[in-house]
Amino acid sequence: MITCTWLLILALAAFRVTRLVIEDSILDPIRNRTIYVWPDHGIGGWMKDLFSCPWCIGFWISVDWSVSFYFWPTTTWWVALPFAISAVVGLAWRATVPHS
């Protein structure tokens, strides 16, 4: 059974991984070699849409976390926790540091 703590950890981990896939510069080389070489039609167009839409990829990342939790709850905890903590740190930084 999922608790509120688990739900929060998984939601924050999904948020962090989604941001990592969609936006963070550390994955720019991988994104540039994959997303930008696919054609604009067929499966390539679908993949471009998927990997450039936070709502789309976020759903599938959330499904992955949920399935992982169902089959391997302990392992999922140890993998999700650093992502969740990273999400909280990033959100706290954005909330406290003035942006220009």
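User: Which residue forms a salt bridge with Asp28, and how far apart are the closest N and O atoms?
Analyst: The partner is Arg31, and the closest N and O atoms are 2.4 Å apart. Please note that this is a predicted model.

User: Where do Asp28 and Arg31 lie?
Analyst: Both belong to helix H2, where they are 3 residues apart, about one turn of the helix.

User: Is Arg31 buried or exposed?
Analyst: Arg31 is buried, because its relative accessible area is 7% and the cut-off for buried is under 20%. Asp28 has 30% relative accessibility, so this residue counts as partly exposed.

User: Which residues do salt bridges with shared partners join into one network?
Analyst: That network consists of Arg16, Arg19, Glu23 and Asp24. Within it, Asp24 forms a salt bridge with Arg16, with 2.6 Å between the closest N and O atoms. Asp24 also forms a salt bridge with Arg19, and there the closest N and O atoms are 3.4 Å apart.

User: Changing topic: how far apart are the end C-alpha atoms of helix H1?
Analyst: They are 27 Å apart. Helix H1 covers residues 4-22, and at 1.5 Å a residue its 19 residues should span 27 Å, so the two values agree.

User: Which residues of H1 are buried?
Analyst: The buried residues of H1 include Trp6, Ile9, Leu10, Leu12, Ala13 and Ala14. Further along the helix, Arg16, Val17, Thr18, Val21 and Ile22 are buried too.

User: What covers them?
Analyst: The cover includes four helices: H2 (28-34), H3 (42-52), H4 (54-71) and H5 (73-96).

User: Now the rings, please. How many aromatic pairs does a search of the whole structure find?
Analyst: The search finds 6 aromatic pairs. One of them joins Trp6 and Trp77, whose ring centres are 5.4 Å apart; their planes meet at 70°, so the pair is edge-to-face.

User: Which parts does the pair of Trp6 and Trp77 tie together?
Analyst: Trp6 lies in helix H1 and Trp77 in helix H5, so the pair ties together parts that are 71 residues apart in sequence. Trp6 counts as buried because its relative accessibility is 15%. Trp77, at 25%, counts as partly exposed.

User: Which residues do ring pairs link into a cluster?
Analyst: The cluster contains Trp6, Phe69 and Trp77.

User: And what kind of aromatic pair do Phe59 and Trp60 form?
Analyst: Phe59 and Trp60 form an edge-to-face pair, 4.8 Å centre to centre with 80° between the planes. Phe59 is partly exposed, with a relative accessible area of 47%. Trp60 is partly exposed as well, with a relative accessible area of 46%.

Terms used
Residues numbered from 1 in each chain as written. Predicted model: local features only at pLDDT ≥ 70, side-chain atom pairs only at ≥ 80, totals over all residues. Heavy atoms only, no water. Helix = DSSP H or I, 4+ residues; strand = E, 2+ residues; numbered from the N terminus. Expected span 1.5 Å × (residues − 1). Buried < 20%, exposed > 50% of the residue type's maximum accessible area, 1.4 Å probe, protein only. Contact = heavy atoms within 4.5 Å. Salt bridge = Lys/Arg side-chain N within 4 Å of Asp/Glu carboxyl O. Phe/Tyr/Trp six-rings, centres within 6.5 Å; stacked < 30°, edge-to-face > 60°.
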